[in-house]
Amino acid sequence: MIELKKTYSPEEIEDKWYAFWEKNGYFMPDMEAAEPPFCIVIPPPNVTGSLHMGHALNVTIQDILARWKRMLGHKVLWLPGTDHAGIATQNVVERELSKEGLSRQKLGRDAFIERIWKWKAEYGSRIIHQLKKLGASCDWSRERFTLDEGLSKAVREVFVRLFEEGLVYRDNRLINWCPRCHTAISDLEVEHEEIEGKLYFIKYPLTPPLAPLAKGGKGGYITVATTRPETILGDTAVAVNPEDDRYKNLIGKNIELPLTGRKIQIIADSLVDTAFGTGALKITPAHDFNDEAVGKRHKLSSISVIDEDGFMNERAGRRYSGLDRYACRKKIVEDLKELGLLEGEKRHLHSIGHCYRCKTAIEPLLTVQWYVKIESLAADAVSAVEEKKIKLVPEQWENNYFAWMREIKDWCISRQIWWGHQIPVWYCPDCFSENRVLNGELIEHIFFEPVTPPLIKGGKGGVNAITGGIYSELRKSGISHDEIIKNSKIIKAHKSVKPICERYDITACPECMSRNIIRDPDVLDTWFSSALWPFSTLGWPANASNNSEDLKTFYPTNTLVTGFDILFFWVARMIMMGLKFMGDVPFREVYIHALVRDLKGQKMSKSKGNIIDPLVMIDKYGADAFRFTLAAFAAQGRDVRFSEDRVEGYRHFINKLWNATRYIVNNEEAWLQKPMHGRDASLKLPEQWILSRLAFTVDEVNKHLSHYRFNDATNSIYQFIWHEFCDWYIEFTKPILYKGSSEERATIINCLFFVLEKSLQLLHPFMPYVTEDIWHNVFKQSKSIMMSKYPDAMERDIDAEEKMGHVIDAITGIRSIRGELNISPALEIRADIKADIKIGSADIGNVLKENLSAIMKLTRCREIKIGKDIRRVKGSAVSVKEGMEIYIPIEGLLDISSEVLRLKKEMAKINEAMSFLNKKLLNEDFLKNAPNDIVQKEREKFNDFVNKKEKIEENIDLLKQIGKSQ
RNA sequence: GGGCGAUUAGCUCAGUGGAAGAGCGCUUCCUUCACACGGAAGAGGUCGCAGGUUCAAUCCCUGCAUCGCCUACCA
């Protein structure tokens, strides 16, 4: 005898079944599987991360697909892993170090990296454990990490090949610099945020001074408007619009730049918006992207006045040097005020770039960085989507994708941190550059802390500590090559220094054999390695020790499941790299899901404190209910506003399923004798019906899943299990199960078990744990439900569905009367049903008679008369359904007038509907233009109403007569 | 500034060119031998506003409003 507790407790079984699956290797692809391979690579979560709602939705969707395809017989590989999250991870470990009074420079590069690996070993698998809690059926034996050996090889190979083809290059230009993380970041990693700042109006004196030139002109100076007064120190021009009459005559004139005394020129550039500010724009090519462009057009010089830490440097002048950029702003405003050069200031809302990681305001800095030349790669990536080699779902994302790809800029891939793939490039200070300058003269070092040069024999040395400088000079001062490298926080190799890019590490310059080579200290953007994920994880590049079977079998992968927030960061870049290095798309379809927001529609964030923790949800409701909720919310093209009530609702659904199972297994013995395998002509109507509804549901669910319509799939299953299987079929079985013959019982019990098993299988991709638990308990299988066959292609029986519809009509008709007239449920009543019509193949009267005991039980009637010539008993309540009239004698049961009231209410509804239809049917245009079947349908509807109305009217009259005679 | 999306029952959301659906909540009744994490019966919406196309519009088009998001060189 199967024993099940009265309620389902997820916490008791989830870990058990997960361990069972993993132990038996069920997550690994079955290479013998008959259907084609199906591969998903997980969007690698950040190693420092912990599970949030976004992961939960993302992983749930992937798991549903993986389990579904696996049960359908495909060779399924869902490949998991994490990425090394360069900046984030380095930050985490640096924070840890600082608590110990240490720093990365004190440790040195190698020791620091070792320390991060140690951290990773300890904490890096947290997110993996959390994915397992969710039930993710990833093949953990293939788990990868973007910094592991194989993936690092892939990164190196890709970099070298791109270098050889000239697709990666170094250039000196403005980049987005985070003064706190101390690294360059790409355009995408900058978050723009509206901030209320100030617009300062500053007078720039003309030199020599001029008389007023236009009305309103101020003659002696030109006023510029700026939000960043501190950058005045780096101004190299003032620009006006060439069409601007106010300033036309000033073009070419000189200005004495305040606070510096430098002379700069007024130039004309159409970039300038005459309507904004004063129409005069100060140009700081070294600290503003627009200004950089203007500078290039006009060949202006660039003066950097801010350093890598966000402080003013020596070029800012003695008065300001060493100040934080904001402190400097304040001071400069004061100074200008004192000089009478501040004309005014006003509040100003503008958007400012911030570091995505630490939210510090970005400082545009002029530096040499590595870039990927993106144009040709992007063009191919656009074609792949245009030609539908890759399908984005929902399709609307394609527009976004194209728009971004069309305006794509070269990708800055170097990062000034230590944790990551170090760029495989060396510089030789002892070789000469193209213009015959010693490279050592072109390489600048900035030290972490001042270094005191050792005493040089005969020289002074050892006196003044230095903060860095030109390589050659540092050497001359007596600091050794190794010391220079060890102490360098930043190494700036001039653009003209030739990079030596190698597949394998080198220790000497291949040209001059010098052993003083300097490796490029930068590492690559984490996304550079993520871009290779779909093939690097499968074993690319192949070599002797790695035959890359997986790559052959599973590339291109099938579906990528991801959020739109990393469409550009990651998806677009994978497409480019896949096409470039594999010659084929990395995946066929990209399912782009929504963001999970809170109830109010706000993005969840720590600072808002509106985070819902998936692990808390799992604890409270179980992983199954939580997953089902996410799937039910995953409608396409809309964000998810997460609501805990829904989780609770689906938790109840599980309980419903659990208890239906308890009902069924009470009769295990009968089932064991002859299990059912499917439809059979000898079955009775309710069985034919539920099997047909099951077939319908199976079809719907498969269809919805193949279109990524997860919410529709969950709804179909929910509707079927609760409202068809439990509400109707199980109720139908009760009279027979309790009172039928053993043969009747056996058939029904077999059917119950059959439908239960199919339901569990249907549900398994969504609710892996409870389905496994029940399946094992009930069906006593040694394997796993996840390895069983997914229901597919069952036959419907429309005729049975129609017939059952009449039975259900009869029951609801009687129940409505009972309910609305408040007839006590304890009271057994009598009903008469006049059924004289044949609809389709169904003689309604016969159908009802054949199912009489169920109808009686479900309506608590002690007697039901069914026939063609049933006569209405005086004082009956009536319900008119298609093909039948139901009468319930209520005389003596209750007040006649409340029944009259009920019928009048129904009449009002009918009248309203009829007048609407009537208008339509009298409209010649409708009759002329609408398709025939629609007109026909509307006519039928109208006739039905006429019929119903007549009957109800008659009944009202009769009741009224009784009322009077009482 | 440009683009995209949203606006449907009290709440969270589906949906369709032919008189609107679900879950939760609400009302009434019911502790009937799977389940009160339950059952039965109900109430509740001029589908953001204004025009247009159509025999017919919640759905298609235009404009407006509100709210999101993405993107951008208003300093």
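Predicted model: local features only at pLDDT ≥ 70, side-chain atom pairs only at ≥ 80, totals over all residues.
User: How is a pair of aromatic rings described?

Analyst: By the distance of the centres and the angle of the planes. Rings of Phe, Tyr and Trp (its six-membered ring) pair if their centres lie within 6.5 Å. Planes under 30 degrees apart count as stacked, over 60 as edge-to-face, and the rest as tilted. The whole structure holds 40 aromatic pairs. Take Phe112 and Trp418: they are edge-to-face, with 5.8 Å centre to centre and 65 degrees between the planes.

User: Which parts does the pair of Phe112 and Trp418 tie together?

Analyst: Helices (H or I, at least four residues) and strands (E, at least two) are DSSP runs, numbered from the N terminus. Phe112 lies in helix 5 (residues 109-123), and Trp418 in the loop between strand 17 (414-415) and strand 18 (425-427), so the pair ties together parts that are 306 residues apart in sequence.

User: Are Phe112 and Trp418 buried or exposed?

Analyst: Buried means under 20% relative accessible area, exposed over 50%, and partly exposed in between (1.4 Å probe, protein chains only). Phe112 has 0% relative accessibility, so Phe112 counts as buried. Trp418 has 8%, so Trp418 counts as buried.

User: How do Phe653 and Trp722 pair?

Analyst: They are stacked, at 6.2 Å centre to centre with 15 degrees between the planes. Phe653 lies in helix 20 (residues 644-665) and Trp722 in helix 23 (residues 710-739), so this pair ties together parts 69 residues apart in sequence. Phe653 and Trp722 are buried.

User: Where does a charge sit over a ring?

Analyst: The rule asks for NZ of Lys or CZ of Arg within 6 Å of the ring centre and within 35 degrees of the ring normal. Here the charged end of Arg573 sits over the ring of Trp411, 4.0 Å from its centre. Arg67 lies over the face of Trp21, at 4.4 Å from the ring centre.

User: Which residues touch the most other members of the largest nonpolar core?

Analyst: A nonpolar core is a set of buried Ala, Val, Leu, Ile, Met, Phe, Trp, Tyr and Cys residues joined through side-chain atoms within 4.5 Å. The largest one has 217 residues, and those touching the most other members include Phe159, Met405 and Phe766. Helix 23 gives the largest share, 13 residues. Another core, of 29 residues, lies apart from it, and Val238 and Leu250 are among its members.

User: What does Asp139 touch?

Analyst: Contact means heavy atoms within 4.5 Å. Not counting residues up to four places away in sequence, Asp139 touches Phe27, Met28, Pro29, Leu77, Trp78 and Pro80. Asp139 lies in the loop between helix 6 (126-134) and strand 4 (144-145). Asp139 is buried, with a relative accessible area of 1%.

User: Which side chains make a polar contact with the side chain of Asp139?

Analyst: A polar contact is a pair of N or O atoms within 3.5 Å; within protein, one must be able to donate a hydrogen and the other to accept it, and residues adjacent in sequence count only if both atoms are side-chain atoms. The side chain of Asp139 makes one with the side chain of Ser141 (2.6 Å) and one with that of Arg142 (2.5 Å).

Key
Residues numbered from 1 in each chain as written. Chains lettered and ligands numbered in written order. Heavy atoms only, no water.
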